[in-house]
Amino acid sequence: MPPSPPRTDVLVVGGGPAGVALASEFARRGLRVRLVAPEEPRAFAPTYGAWLDELPGWAQACLEAVWTDVRVYMTQTPTPLLRPYALLDNAALLDALLCRAGKHLTWTVGTVRGAARAGEGWEVHGQAGERWWAAVVVDAGGHAGSLRRPRHPGGAALQTAYGVVAHFDSPPISPGSTVWMDYRAEHLPATDVRAAPTFLYAMHLGGTRYLVEETSLIARPAPSRALLRERLYARLRALGALPGEIEREEWVAFPMNAAAPLPGPWLAFGSAAGMVHPVSGFQVAGALSAAPEVADAVTGALVASGPEAAVWAGWSALWPPERRAARELALLGVDALLALPGNMLPDFFRAFFGLPASEWRAFLSHGAGAGDLARTMLRVFAAAKQGVRLPLARAALRQPGVSGRGLLAVARRSDRTGGGPNG
């Protein structure tokens with residue numbers, strides 16, 4: 001008779017920032033936690049930026065840089081965002097998460113291929129024949145998931161970016177700044193801009209070092225790596241700022257339009273749970289902030305009522321009804337952006353960043369309610385040029401149920417606050 005598999009309270013699939021963050025929060029609450037990932041712990045590879053005010057206090061000690069000069073360009077005149085922006089130090093972030101987890105976290109190298117009921121919990125199966133038992137299983141396996149697959153209404157719409165970290169003799173952006181979004185495209189034919197809009201995302205990393213990325217915000221189908229590389233170098237040539245020594249290249253491609261997942265027998269977290277913001281593409285800060293709340297809910301229910309109740313408590317904490325309603329409305333916004341011709345995106349974002357800062361900040365946050373999102377969308381529509389309004393209106397009319405629920409959310413919010421859609 002084969003030996004019984006090792007037993008833990010929680011098994012987390014995935015070694016990215018979201019999975020490690022949630023695993024560490026479970027461990028901090030005294031649960032026995034196993035994290036299964038394809039590799040030993042090592043610094044996360046992608047570049048992670050975040051608004052400084054959205055990071056938990058402990059994570060603010062894990063930063064490579066912070067900028068107060070943060071800009072967007074829709075015309076030759078920059079719009080200052082007046083909100084500090086941070087670049088995470090991925091090695092420091094991983095070290096901090098593992099330190100916070102302490103002795104209750106076991107990191108196991110392996111690949112999960114499935115899970116089956118075993119008593120009140122689950123027997124999780126590894127690719128190499130391993131078996132692990134856990135009361136609660138969490139899929140934090142990234143954009144494709146591991147045990148379950150995220151849903152992308154209408155098909156996956158991707159954010160893609162090609163970039164380099166390099167040394168420049170002539171600075172590509174103002175020294176000491178971050179350019180969050182630069183849609184200026186005088187160096188490209190107008191037909192190319194209309195068909196495949198892209199923007200520059202760039203950071204000054206100190207001295208002659210800069211990160212520069214040519215980014216497609218969201219597209220279906222997405223532009224190729226080759227096109228984005230070509231666009232980046234065309235932009236840099238137009239700026240008179242071609243790179244010298246290149247330290248590394250970066251290629252980013254991930255879906256932006258995952259729907260809020262339906263609750264199931266396994267919990268999901270991070271991008272596997274649809275937590276990527278559908279406009280900014282941010283996820284890490286939201287996962288770091290949500291992990292304690294989800295861990296509290298799961299731990300309390302596991303101790304009081306058992307594994308099944310713990311999973312449902314986790315789903316309820318992660319995706320309460322108000323957040324599901326907000327996600328539905330945000331995906332309507334995704335469809336509106338996909339419907340806009342590329343040459344109209346600068347006008348759209350000029351209207352968006354022309355709103356009071358509290359409103360565009362709330363829209364880009366992970367915790368915005370449906371009423372706040374709908375109100376901001378209405379205000380952007382009112383402020384946008386006539387040519388932008390028609391594609392936005394058509395996108396809203398294609399989903400009358402979602403649009404109607406959004407208007408009701410605005411009305412309910414107005415009842416609570418005593419103001420109308422403009423108040």
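Contact here means that heavy atoms lie within 4.5 Å of each other. With that in hand, let us walk through the structure, starting with how to read it. This is a predicted model, in which local features need pLDDT of at least 70 and side-chain atom pairs count only at pLDDT 80 or more, while totals for chains, interfaces and linings use all residues. Residues are numbered from 1 along each chain as its sequence is written, and side-chain values use heavy atoms, with hydrogens and water left out.

Strands (E, at least two residues) and helices (H or I, at least four) are DSSP runs, numbered from the N terminus. His-204 is buried, with a relative accessible area of 13%; buried means under 20%, exposed over 50%, and partly exposed in between, using a 1.4 Å probe and protein chains only. Setting aside neighbours within four places in sequence, His-204 is in contact with Trp-67, Ile-173, Pro-175, Gly-176, Ser-177, Arg-209 and Tyr-210. Polar atoms of its side chain lie 2.8 Å from the backbone nitrogen of Gly-176 and 2.8 Å from the backbone oxygen of Gly-207.

Next comes Arg-184, in the loop between β13 (177-182) and α3 (190-195). Arg-184 is buried, with a relative accessible area of 18%. Not counting residues up to four places away in sequence, Arg-184 touches Tyr-73, Thr-75, Gln-76 and Arg-235. With Gln-76, the side chains make a polar contact at 3.0 Å. Such a contact is a pair of N or O atoms within 3.5 Å; within protein, one must be able to donate a hydrogen and the other to accept it, and residues adjacent in sequence count only if both atoms are side-chain atoms.

Thr-108 belongs to strand β8 (residues 105-109). Thr-108 is buried too, with a relative accessible area of 13%. Beyond its neighbours within four places in sequence, Thr-108 is in contact with Arg-34, Leu-35, Val-36, Ala-37 and Trp-132.

Now for the helices. Helix α1 (residues 17-28) packs with helix α2 (residues 90-101) at an angle of about 25°, their axes 7 Å apart. Axes are lines fitted to C-alpha atoms, for helices over the stretch in contact, and angles run from 0 to 180 degrees between N-to-C directions. The two helices, α1 and α2, are therefore roughly parallel to each other; angles under 35 degrees count as roughly parallel, over 145 as roughly antiparallel, 65 to 115 as roughly perpendicular and the rest as oblique. On the α1 side, Pro-17, Val-20, Ala-21, Ser-24, Glu-25, Ala-27 and Arg-28 meet Leu-94, Leu-97, Leu-98, Arg-100 and Ala-101 of α2.

A second pair is helix α7 (residues 321-339) and helix α10 (residues 370-383), which pack at an angle of about 25° with their axes 8 Å apart. That makes α7 roughly parallel to α10. From α7, the contact draws on Glu-322, Ala-325, Ala-326, Leu-329, Ala-330 and Gly-333, and from α10 on Ala-370, Gly-371, Leu-373, Ala-374 and Met-377.

At 7% relative accessibility, Ala-374 counts as buried. Apart from its neighbours within four places in sequence, Ala-374 is in contact with Leu-329, Gly-406 and Val-410. Ala-374 and Ala-411 are 37 residues apart along the chain, and their C-alpha atoms are separated by 9.8 Å.
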